[in-house]
Amino acid sequence: MLNLLRKDFIALKSSLWMTLFYLAVFSIAFIPRSDFSIYFVGIYTAFASVSLVTMIDIKNNNHHFLVTLPVSRKHIVQAKYITAILFMLFGVLGSFGIHWFVKLAFPQLNKPDYTVLDILVPMGILLVLTSIYMPLFYALSKKGAGIINAVFLIALIIMAQPTAFMMTLLNENHMMSSNLLFMAAAGILLLFIASYYVAVTLFSRKDM
């Protein structure tokens with residue numbers, strides 16, 4: 001498992017700067033313009049990084065190589081999900097760190113106070129997106145990866161404003177109760193676990 005994770009980061013070595021580039025570009029694009037930029041920057045950076053990993057896999061035919069090794073397909077999928085989680089953490093925590101700095105350095109932007117919820121909410125959204133994206137990636141692989149990435153990119157752009165509106169509504173009406181958050185977290189975790197098993201099943205049946 002550790003070797004598979006190392007493989008992902010070795011394959012990404014020449015492109016890791018792109019994740020920092022995503023973080024910088026999305027920060028510049030959203031921080032001055034949106035009260036919910038902390039969500040957008042984290043989500044866009046993390047998901048763009050996950051898409052980058054999968055596209056590099058396809059470009060280098062990594063899966064075709066890995067299935068020839070004495071490694072189970074379950075572990076290959078497992079490593080990809082862990083890699084996705086690491087990029088989620090990078091995107092969300094990187095966004096949180098930048099927003100914390102911006103709030104201190106540029107008080108004229110009137111950024112709101114940030115809490116742990118501002119880490120948990122984008123993480124939850126990313127887990128849902130990844131839960132949908134990964135099985136599609138393993139189902140369509142090389143033939144449909146470009147289309148999947150384009151569809152998700154368009155969906156993220158379209159859903160940006162409705163998501164901001166929904167978050168505003170929830171905050172204004174104090175609907176973010178502990179019970180609701182617990183139920184949402186449990187549902188998202190179950191979806192993520194189910195997604196993993198679906199991806200394993202799809203990849204195990206795939207003729208490489």
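Author: Helices (H or I, at least four residues) and strands (E, at least two) are DSSP runs, numbered from the N terminus. The model is predicted: local features need pLDDT of at least 70, side-chain atom pairs count only at pLDDT 80 or more, and totals for chains, interfaces and linings use all residues. Residues are numbered from 1 along each chain as its sequence is written, and side-chain values use heavy atoms, with hydrogens and water left out.

Reader: Which residues does the "transmembrane region" annotation cover?

Author: According to the unreviewed UniProt entry, the annotation covers residues 12–31, 37–58, 79–102, 114–140, 147–168 and 180–203. Such annotations may be inferred rather than shown by experiment. In the model, residues 37–58 are 100% helix and 0% strand, and their end C-alpha atoms lie 31 Å apart.

Reader: How does the reach of α3 compare with what is expected at 1.5 Å a residue?

Author: The expected span is 1.5 Å times one less than the number of residues. Helix α3 has 23 residues and reaches 32 Å from its first C-alpha to its last, close to the expected 33 Å. Helix α7 (residues 178–205) has 28 residues and reaches 41 Å, close to the expected 40 Å.

Reader: Why does Thr-130 count as buried?

Author: Buried means under 20% relative accessible area, exposed over 50%, and partly exposed in between (1.4 Å probe, protein chains only). Thr-130 has 1% relative accessibility and therefore counts as buried. This residue lies in helix α6 (residues 117–172). Leaving aside neighbours within four places in sequence, Thr-130 is in contact (heavy atoms within 4.5 Å) with Ala-84, Met-88, Pro-135, Phe-192 and Ser-195. Phe-192 and Ser-195 are among the buried residues of α7.

Reader: What makes Ser-51 buried, and with which residues is Ser-51 in contact?

Author: Ser-51 counts as buried because its relative accessibility is 11%. Ser-51 lies in helix α3 (residues 37–59), which is mostly covered, with 21 of its 23 residues buried. Apart from neighbours within four places in sequence, Ser-51 is in contact with Tyr-133 and Asn-149. Ser-51 and Ala-84 are 33 residues apart in sequence, and 9.2 Å apart from C-alpha to C-alpha.

Reader: How do you know that Asp-113 and Lys-103 meet in a salt bridge?

Author: A salt bridge is a side-chain nitrogen of Lys or Arg within 4 Å of a carboxyl oxygen of Asp or Glu. For Asp-113 and Lys-103 the N to O distance is 3.2 Å, and the pair therefore qualifies. The pair links distant parts of the chain, ten residues apart: Asp-113 is in the loop between α5 and α6, and Lys-103 is in helix α5. The structure holds one salt bridge.

Reader: Why are Asp-113 and Lys-103 placed in their accessibility classes?

Author: Asp-113 counts as exposed because its relative accessibility is 61%. Lys-103, at 29%, counts as partly exposed.

Reader: Why is Phe-106 called partly exposed, and which nonpolar surface patch includes Phe-106?

Author: Phe-106 has 38% relative accessibility and therefore counts as partly exposed. Phe-106 lies in the loop between α5 (73–105) and α6. Together with Trp-100, Phe-101, Leu-104 and Leu-109, Phe-106 makes a nonpolar surface patch of about 540 Å². Patches are made of residues with over 30% relative accessible area and no salt bridge; like charges are joined within 9 Å, and nonpolar side chains (Val, Leu, Ile, Met, Phe, Trp, Tyr) within 5 Å. Accessible areas come from the Shrake-Rupley method with a 1.4 Å probe; for residues, only the protein chains shown count as cover.
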